[in-house]
Every structure is written in C-alpha cells, then in structure tokens.
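Let us follow the charged side chains of this structure and see which parts of the chain they bring together. Side chains of opposite charge can pair when their charged atoms come close.

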Amino acid sequence: MKKNALGDGTSKCVLCGDTFGFLGPTASLCKDCKKAACQKCGVEESASTSGIRFHASSSSNWLCKICAETREMWKKSGAWFFKGMPKYELPEAGTMNGRLSRLFRPSVINPIQRASIAEESSSEEEQAIQPLPPSAATRHAPLSHVHSVSSVNSLPSRRESSISQHQWPSEEGSSSVTSSDRACSVYSEVEDDVIIDEVYLGSMEFAVTFDPETNTLHCGLIRAKGLRAMDVNGLSDSYCRAQLLPASGKAITPLRTKTVHKSRDPEFNETLAWFHVTPADSLRKTLHIVIYDEDKYGDEALGAARLHLARLTPGRMSHFNVFLEKPYPDEVSADEGPGRGRILIALNYVTRRKALTVGVIRCAGLLAMDSNGTSDPFVKMQLKDDPQRRKYKTAIKWRNLNPEFCEQFTFEIKLSELTSKTLVFSVWDKDLGKSDDYLGGLELGFSSKGDRLRHWTDTIKFPDRRHERWHNLCGQLVGE
C-alpha cells in the first residue's frame, strides 16, 4: 500500500493524491505519520476498540490506512508486547479510568526483565511495559520545559512545530538543542493538561531594533508564508497590524501595513516605528503582530506572533522567523467588524424536491434608524442571475434591534446550477411615507470568502443537511 501512495501528505492525500480544498475532500491528520489523508483513505480507531490504551485527552485516533495496517500487523504478531511499539504512548501500571500521569519512552528490555514481564502477564490480563530505571529517566527533561531552538533564517519542520510553536526562536549566539536531546524529550514526562496543537497557521518573518538613544522601536515586517486560504481560489488578501501591549497614550491605536492581495505568501517589506519607548517600557511590554484577511464584511484574523521586548539587545537588529499562533481576544482590534449587526441563516438543499430551502432565523445588533432608538427591520432575498427572478421578503418586526423571523423560503433549482449562483440578503428598516433605510447586506456564493464561502460550499457538498451559521452584515449595498 505504501508503494502505491500518490500524494505528499500536505496539500494532497497521501494515498489517493486528491487535492484538498473547498471543493475537494477534507484533510485529516494521521496520528502516527503526521500526514494528511482524505476521509476515504483513513480509519477512525476508537481507544476502546484498539486493544491498547492511548492518551487520555482524546477518545479516538484518526489513522491513514498505511498506519492502520501497520498497527494491525504489530498487534497480531504480538511483537508490541516484547519489543515495545515504536511511536506509541503506553500507559503506566496502576492508572485508573485511563488517566495517565506520565508517558515514558519505549525502551529495549533485557532478557531478565522480559522473562519477569512474561511471568506477570500470565496472571493478569494486560501489563504495561516497565518504565526506564531512575538513573536513565533522570536524563530526560520535562516536555513542558523543552525549548526547540532553530536558526535565525530557517524554520523547524512541521512535526517539531507541534512542540515548539509556543516558543520563540533564539537569536544568533544562543545555545541550541541537539537533535538527540529533542528526540528524547518527545517521550519524556509530561503533565496531564498539556495538549499539543496540530493546527498550522503559517509563519512570519520580521526584524526588530530598539534604539535607546532616540527611544525608538523599529519593526520590519518582511514576509509571511503558508497563510490560510480564504477564497475559492485558495488565496487571501492579507495585511499586518502591530501594537505594543499593554498600550498607553497614542500607542493604543495599532499600526498596519498595506494589503497584499491574492497571495498566501505575502511580501510586506514595510517598517513600522514607535516613538517615546523608554528602556523601562522595553522590559515590560510585548510586541503583538496580527495578520488579517481584508474583507468588506469584517476582517478575520489569520494568526498572531508575539515578542517580549526584554529579549532584544539595545542597538542591535534581531531577526525572527516564527510560527503563527491563534490570536488572543485582546489582540484583535475592536474595529475589525463593520458594526452593522449579524444575521443567522440556515441552508439545506433537498435532493428529493430538487430545491434549496433558505431559513432566515434571526438578526442581532442591528443599527437604530428611528428617532426612538429602534428599527423596524425586514429581510429581502434573491438569487442572482435567476431566470425566474424570484424574490422573497420576511415579515416586518416593529421596534426591534434583535428580531426573530424564523421563516423559510424555497428556490427550485438543480444542484449543479448552484455553483454559478449567488444568494443575496438585504436587511431594511421599514419607514411609512418615505423610502426604506438600508441596514446591511450579505452575499453567499463562490465569490465570497471565509465563513460565507465555507457555508455555501458545505451546502453543495453535503445536501440533505441543515447548515446554520451566523454572518456579519456589510454596509455596502448588495444585489444591485
């Protein structure tokens, strides 16, 4: 099976070679080989049926068929008991309810230990492999204290990123961790609450200089690589916002770069400067860099990088090449959303009726357009380029900024035709005796981005299911 593998395991399925994406299969990461496989080329193996107890933080393991076949071969041959199963985390004896207090590195057992284990196994159902002796166990450092160090101009591999993604790479001249120490630390003792994040958000390269003579901090944003795809073409429109936290005075407003359109590997090549940064500020403040995808419905954060200014050497430029992390709520700018409210939409394509059912559930946080501080909202909807020019609208909810409509409408259309259509929503404030006021709009189709594109593609890929999702409203008039 391994000889017939067609994909690379990153952008393509490791077995069949299908390309992942919005219109392609969904990628699932194999627990053993750390390669991506599609749903039809993978096996979801629960911990209760696998015969071996694994890490207590997850109840099931997703494996590609190559690793699943290897596990079965090990389990049926019985070699896992006497030799130790490589890359497997075996529980310690005496654990209750699958709760693991420590994970040990598989070791080679001498004949005396092997004989004693075989005798004990005859009286008990299942015994764990004996841990390393105390003299050998002391050579392994806890995983929570491992600092995976990379060079200034190179990134560690993606497998190492699951361990070191929360650690900053050191500057030139700092001590480095050898490959043998890093390999040993993977199997060293860990806490129960440590959870390794497998999500890859991309990387960021930048350079920072602090000038103590002029009290100026310069940050050169060079480039980013491997950002998330936000549109149907697999690209994004990204820009950076940088800020010193905790903020004070004029530094509250974050600085931003220009937008690089249609690229997952944008080249920014811009320098941002903060003035009146004292040496005391350099010891307590942190530089936060957040990458956004520009969108008229509200910019979405793609990843964040953080740097403690205390790590800098005054008067010296320091280069960093780091993996992006999920941004904290206080890092996301307050003005990233358009502020026109949100709408909850439910979509379902019924194959038996060959029709798309659209449910307008509710709206929240709408603008107040009347003098009494409220609005009288209703929703209009239509399909763009519809030969029948069908248009629907909901009932009016008087004096309500968070109306509940709970209405459903039907568009009879073939599933293959939905790929070229766009569903348009517009929210209006009803005014008697004059024209209605526009509150906000929404478009769902293959020209959308982010969650709106994902909502539309899920409706087409998985018919006969109800897909319900919140969306922001934009101030631009849609459907015209």
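Arg-362 forms a salt bridge (a side-chain nitrogen of Lys or Arg within 4 Å of a carboxyl oxygen of Asp or Glu) with Glu-404, and the closest N and O atoms of the two are 3.7 Å apart. This pair links distant parts of the chain, since Arg-362 belongs to strand 14 (residues 355–364) and Glu-404 to strand 17 (residues 404–412), 42 residues apart; strands are DSSP runs of E with at least two residues, helices runs of H or I with at least four, both numbered from the N terminus. Arg-362, at 27% relative accessibility, counts as partly exposed, and Glu-404, at 47%, also counts as partly exposed, where buried means under 20% relative accessible area, exposed over 50% and partly exposed in between, with a 1.4 Å probe and protein chains only.

The model is predicted, so local features need pLDDT of at least 70 and side-chain atom pairs count only at pLDDT 80 or more, while totals for chains, interfaces and linings use all residues. Residues are numbered from 1 along each chain as its sequence is written, and side-chain values use heavy atoms, with hydrogens and water left out.

Lys-449 forms a salt bridge with Asp-293, with 3.1 Å between the closest N and O atoms. Because Lys-449 lies in the loop between strand 19 (437–444) and helix 8 (450–461), and Asp-293 in strand 10 (residues 286–293), the pair ties together parts that are 156 residues apart in sequence. Lys-449 is buried, with a relative accessible area of 10%, and Asp-293 is buried at 2%.
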